[in-house]
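Welcome, and please take a moment to look over the sequence and the structure.

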Amino acid sequence: MRLYRKLLLALSCALFLTACAAQRADVLQGGAARAGAGASSTASVALGPPGFDPATDAVLFPDPRVEFICGPQLKAGSARNPYPWFDRVQLTVGRELGQQFPAVAPRRLSGTVTVRQDSRAVEGAGTHFKREVDPGGPAPLFNGRLRIQLPDKSFRDVRVESVASDTQLTLAAPWAEAGVNGAAADTFYRDPSADTWNYDKYYDSGYYDMALVQYLNYYRTGDTTFLTYARRAADSWWASPYIDHGTVFSGRENLPPRSMAFAGLMLRALDGRPEMWDYIERKTRATFDNWVGRRVGDSGLYYDIREDGYAQLYAVLLARVLPDSYPLYPSGTLAASGGTATDGAAKRAAFLKDTERAAVQFFGRLQGADGSWKWDDRDEGVVGIEQPFMVGLYLESVVALDRLTTDAAVKASLRSQLEKAVRHLYSQAYRGGEQVSDMPKYRWRGMWYYWGGGTLSDPTAYERAGGSGRVKTGGDVGEIRAVRHLNSTVHHAFGYAYALTGDEQYLKMGDEVFDASYGDQVDGIKGQANDGRGKDYAMNFRASGRYLVWRLSGAQGRGTAGSVNASPTADGAGATTTTAVGAASESLKSAFSQAQGLSKSSGQTQAEVGALLNSIEGARRTFDAERGAYVAPEAVLSELDAALGHARTALEALKVGDGASARLREAWAAARLKRALDRARRR
């Protein structure tokens, strides 16, 4: 809680609460035409497991809305990932943190408690012990910790052995103080060995969206252990004092954008918890309006690019994934019994329209000619500065909106912002060639903590030298790791810039920065992804995995190990393939050529992708008619079916203006068609 008190002083609580309470009839205007194609009319059931494309190792998500939130992902352990340490840490540390994340957050308890001296029985009035106290939580911070307030306002720490009901629990040892009646209580606990409060540990672990990352772990592996961790983290965050089952809109527990962690909650809402949608929508709308919507004409960012960027990101995500209908909560209650919202499509359209306007007229307008965004933070004593890692967080919304919008002018602005930003980040904010003065065999290879501007006393200090935010001591590799940790939020942006443009400079930049964080190709020093801290872990893995897919988007034809149409030259038995001949061969070759060509085209049309679909379907019919002439026709037909699936997905992506995703799917279709050709061995 102490981690964000200063920030809350900057909030306009009255405006925020008013925005939440308003009916917002204007939000419901604009129609469903721009609402984000494919949004479901219902969201009441858990989703199915992921699949994996054997030709590309791409994760096949159970719902396109899930893919939109997660971004494209590569199967964990894929040989197409040249950075295996990334996968090992994501899964190993993910398991450790999944086990440690409590199902019940530390909090002030509802109601009051009464306990007699020498008794182990505690009685509650207006309490909810069963959902607010967990005797079996992970030790040492969350395993039945309880503090009861004494008449002098001090607290006594006790342990809970069991909970019988919402109003009755049993302590592990008799209450040694004089009896108390109607006392306040909480589940806060300070670990003296680590000087750590459990509420700080909890908040820190959820900060960069632990539920989102555990869902990514699940979709990249199919391991249901990670699904359990993801649901536990999301359900715990939902019930925490910061959200309290969808009832918190103001006050000291109300979360700023940086720590809302709403992407994980959206995934949970899609995964069997539709009652979350009402709060997610209302809080996202109020957050966006307060931090971005009413600031579009301002001369500078409202607070910083991270806060404003998160507000923009969640609004963009809802523009795609909010269901047409979902259950409503009556104000201030914990039960979804307030009827059903049926205006989800109109709300999606409004979010899209508003975020398009903000992207161009606010974020685009405020980006500097050099590609940076700068702001003042006088509470921290800095002015005219940029924090590059925060820019990476805003760029998540740039990528998401570019994948969604069909407005050509908006796309042009977003792509300009993206390319200018990544060039700036690499050439100005990244300390790639800077030698570590007292460890000269190493380079820093990390982002500045502050770039540009300076301090209140020296406003140009960082323009001359940059601000690392670190105090370097001799021979400390840990300091290098800390600087490289500041790369953790920017990797995805280099990948998407490469996927959009095919420009090799973005791939080279991205590989350098990604290797500095997770690779072994230069010096073996990594970032802080594996230090066991939930905040650092989730910061590294919330979006970086997308880079592993996007970096492959231009690989076809290069003959690299990561090529998206890399395919075996022998069948499963090791026999060399024999090229198909005749009509089937020609139709397969024609479809392959079309798919490969479209995957490299930046100006393709829906008609062209439709023609590709027809070609693949025609090739399948022709091959099926000749199947008796081939050794393993079912294997070839399976590849053709997979290619059809990718082509259909490409067409859907193109319908919503997501050309980058369309090209990626076309490349995967080409890979499957190549495999079909390789496997089409005649008898």
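The report below goes from the whole chain to a sheet, then to salt bridges, and then to a few single residues.

## About the model

This is a predicted model, in which local features need pLDDT of at least 70 and side-chain atom pairs count only at pLDDT 80 or more, while totals for chains, interfaces and linings use all residues. Residues are numbered from 1 along each chain as its sequence is written, and side-chain values use heavy atoms, with hydrogens and water left out.

## The chain as a whole

Let us begin with the overall picture. The chain has 24 helices and 16 strands. These elements are DSSP runs numbered from the N terminus: helices are H or I with at least four residues, and strands are E with at least two. Of the 683 residues in the chain, 58% are buried. Here buried means under 20% relative accessible area, exposed means over 50%, and partly exposed lies in between (1.4 Å probe, protein chains only).

The chain exposes about 24800 Å², and carbon and sulfur atoms supply 49% of that area. Accessible areas come from the Shrake-Rupley method with a 1.4 Å probe; for residues, only the protein chains shown count as cover. Contacts tell us about the fold too: among those between residues at least 6 apart in sequence, 73% join residues at least 24 apart. A contact means heavy atoms within 4.5 Å.

## A sheet of seven strands

In what order do the seven strands of the open sheet come? The order is β8-β3-β4-β7-β6-β5-β9, with antiparallel pairing. Because β8 (180-183) and β9 (185-186) stand at the edges with a single partner strand each, one side of each has no neighbour in the sheet. Strands of a sheet pair through backbone hydrogen bonds, either parallel or antiparallel. Two strands count as paired if DSSP finds at least two bridges between them.

For a closer look, take β5 (residues 145-149) and β6 (residues 155-165), which pair in the antiparallel sense over five bridges. Arg147 has Asp157 in β6 as its bridge partner.

## Salt bridges across the chain

The model holds 48 salt bridges, each defined as a side-chain nitrogen of Lys or Arg within 4 Å of a carboxyl oxygen of Asp or Glu. One of them joins Glu67 and Arg403, whose closest N and O atoms are 2.9 Å apart. This pair links distant parts of the chain, with Glu67 in helix α3 (residues 64-70) and Arg403 in helix α13 (residues 388-404), 336 residues apart. Both Glu67 and Arg403 are buried.

Asp235 and Arg268 also meet through their side chains in a salt bridge (2.9 Å, N to O). Asp235 sits in helix α8 (residues 224-239) and Arg268 in helix α9 (residues 262-270), so this pair links distant parts of the chain, 33 residues apart. Asp235 is partly exposed, with a relative accessible area of 24%, whereas Arg268 is buried at 9%.

Another salt bridge connects Glu639 and Arg679, with the closest N and O atoms 2.9 Å apart. Because Glu639 lies in helix α23 (residues 633-655) and Arg679 in helix α24 (residues 659-679), the pair ties together parts that are 40 residues apart in sequence. Glu639 is buried, with a relative accessible area of 2%, and Arg679 is partly exposed at 27%. Elsewhere, salt bridges that share partners join Arg231, Asp235, Arg268, Asp271, Arg273 and Glu275 into one network.

## Backbone details

Where is a cis peptide bond found? One joins Ala139 and Pro140, with omega about 5 degrees. Pro140 is in the loop between α5 (129-132) and β5.

Asp195 is not a glycine, yet its phi is positive, near 50 degrees. Asp195 is placed in the loop between β10 (190-191) and β11 (196-197) and is exposed, with a relative accessible area of 55%. Arg445, another residue other than glycine, has a positive phi near 55 degrees. Arg445 is in the loop between α14 (408-429) and β16 (454-455), and at 0% relative accessibility it counts as buried.

## Around Ser372

Is Ser372 buried or exposed? Ser372 is buried, with a relative accessible area of 3%, and its place is in the loop between α12 (344-366) and β14 (375-377). Leaving out residues up to four places away in sequence, Ser372 touches Leu366, Gln367, Glu386, His424 and Trp451.

The side chains of Ser372 and Asp370 are joined by a polar contact of 2.7 Å. A polar contact is a pair of N or O atoms within 3.5 Å; within protein, one must be able to donate a hydrogen and the other to accept it, and residues adjacent in sequence count only if both atoms are side-chain atoms.
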